[in-house]
Every structure is written in structure tokens, then in C-alpha cells.
Amino acid sequence: FKAFSFEWERKQENALGTVSVIGELQHALPQNSHFLDKIASLIKDSYISSGDFKLALKKTNEFLSQEMKRGNLDWLGNLHLGVFVFKRRKDNNSQMFSGAKTGNIQLFLTRKGALGDFRSHLENTQSREGPAKMFGNIVSGKLFPDDKILVCTSGLFEAFSNKNIFQDLAYFSQEQQFQGLFKSKEKELSKIPGLLYAVLIEEVLMKKTI
């Protein structure tokens, strides 16, 4: 399990926003121990050079296709990825969001306590277009203050669902709330491998000029 977040500080790169890559590679062989790192770096570099989220995903599909041609098939059926871009709108009142996923990783949007599931919008295109076409559909939209993006690997999501925990996450807005939940459920969750990635959209207060 690995999570990557790339942000840029230079003014000319501010428009790129933040790129996040959350991944799980099951049953990885030693030669693929850095496979998630390679994919995350490829997405970052492709997005920086082009500013095009779709192109970055296309480059990732091409990379995976080349890996198949080289005989590296260990990741097939075992690779679960979520890739997201967050960009603040010029009015500074909201954020734009674009996301894509492959495999069994779970992606949700929470707004005012409601939990929205993106699975129907991001169904895997692999069965239609071949195993190397891991990324296909993209979901995009506007995010507002107090919205939250939740990304969860499948095993942990199943455990949360069975224990009716996941809905509680829709109401959390502070780090202490997450810490408190995991501390209270430490015994039940200590043997369940997984990764939960949460992004809370905060309001930006602009300084007034006199």
C-alpha cells in the first residue's frame, strides 16, 4: 500500500493543483517492489509536462502495455489504483476535482453527511478494451468547503462496512476524529491490512486589501 501527494509551490505551476496517487499491489513479486513508485512518478511527470490529466492516464496505460510486452504480468488483477487532481478555481470559492480508478479501490465523496459512491461512473474498462487499458472513465466536478474525498483499499473498506464504520467517516472534519475512531477500534482493525486516504476541502479566506 502506498499513497503519494504532489504539490507545486512555484507560481507558474500553481494552476496544476495537487495530484494524489493511492495504490495497492497485491501478491507483488520482488521485481515489482517499486512498481507503485514508478507509476506515481510517471503520472506526476506526465501531468507536470502537459497539465493534462487525461494524457497522464494515457501515458500510464501505455507504460502498463509495455510491461505486458516485456513479460511482466505479475500486476495483472492485483493492481488497484486511485488517481486524483485537485485544482482551486479562480474565484477561490471552490475546488475542481478529477479522478480515475482501476481495480477494487473504493472512492467516495461526502457532502453534509451524505456518502456518494463513484463506482457507477468509474466502471473498469478493462473487460472491453483489454487488460492494459486500466484507466478509462474519469469523474470530474466541483468541490465545496467541508466536502471530503475518501479513498479506501478494498479489504479495509469491507471491514469498515461490516462494522458500520464507513458512514461515520462522512461526518468527520478533524484529524482527531479519525485518530479517535481508530484508537477505539484498534483491536478489531489491527489485523486488517489496508489504506484509508481522506482529503478535506477547506474554505480559503482571502485577505482584504485597503
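The side chains of R111 and D147 meet in a salt bridge, with 2.6 Å from N to O (a salt bridge being a side-chain nitrogen of Lys or Arg within 4 Å of a carboxyl oxygen of Asp or Glu). This is a predicted model, where local features need pLDDT of at least 70 and side-chain atom pairs count only at pLDDT 80 or more, while totals for chains, interfaces and linings use all residues. Residues are numbered from 1 along each chain as its sequence is written, and side-chain values use heavy atoms, with hydrogens and water left out.

Back to that pair: R111 sits in strand 5 (residues 106–111) and D147 in the loop between strand 7 (139–143) and strand 8 (148–152), so distant parts of the chain, 36 residues apart, are linked (helices, H or I of at least four residues, and strands, E of at least two, are DSSP runs numbered from the N terminus). D147 is buried at 2% relative accessible area, whereas R111 is partly exposed at 32% (buried means under 20%, exposed over 50% and partly exposed in between, with a 1.4 Å probe and protein chains only).

The structure holds 3 salt bridges. Another one joins D37 and K2, again at 2.7 Å from N to O. Since D37 lies in helix 1 and K2 in strand 1, the pair ties together parts that are 35 residues apart in sequence. R70 and E67 also meet in a salt bridge; here R70 is exposed at 61%, but E67 is buried at 8%.

A search of the whole structure finds 8 aromatic pairs (rings of Phe, Tyr and Trp, the last by its six-membered ring, pair if their centres lie within 6.5 Å; planes under 30 degrees apart count as stacked, over 60 as edge-to-face and the rest as tilted). In one of them, the rings of F4 and F6 have centres 6.3 Å apart and planes at 15 degrees, so the pair is stacked. F86 and F97 form a tilted pair, 5.5 Å centre to centre with 40 degrees between the planes. F86 is in strand 3 (residues 79–88) and F97 in strand 4 (residues 95–102). F86 is buried at 7%, and F97 is buried at 3%.
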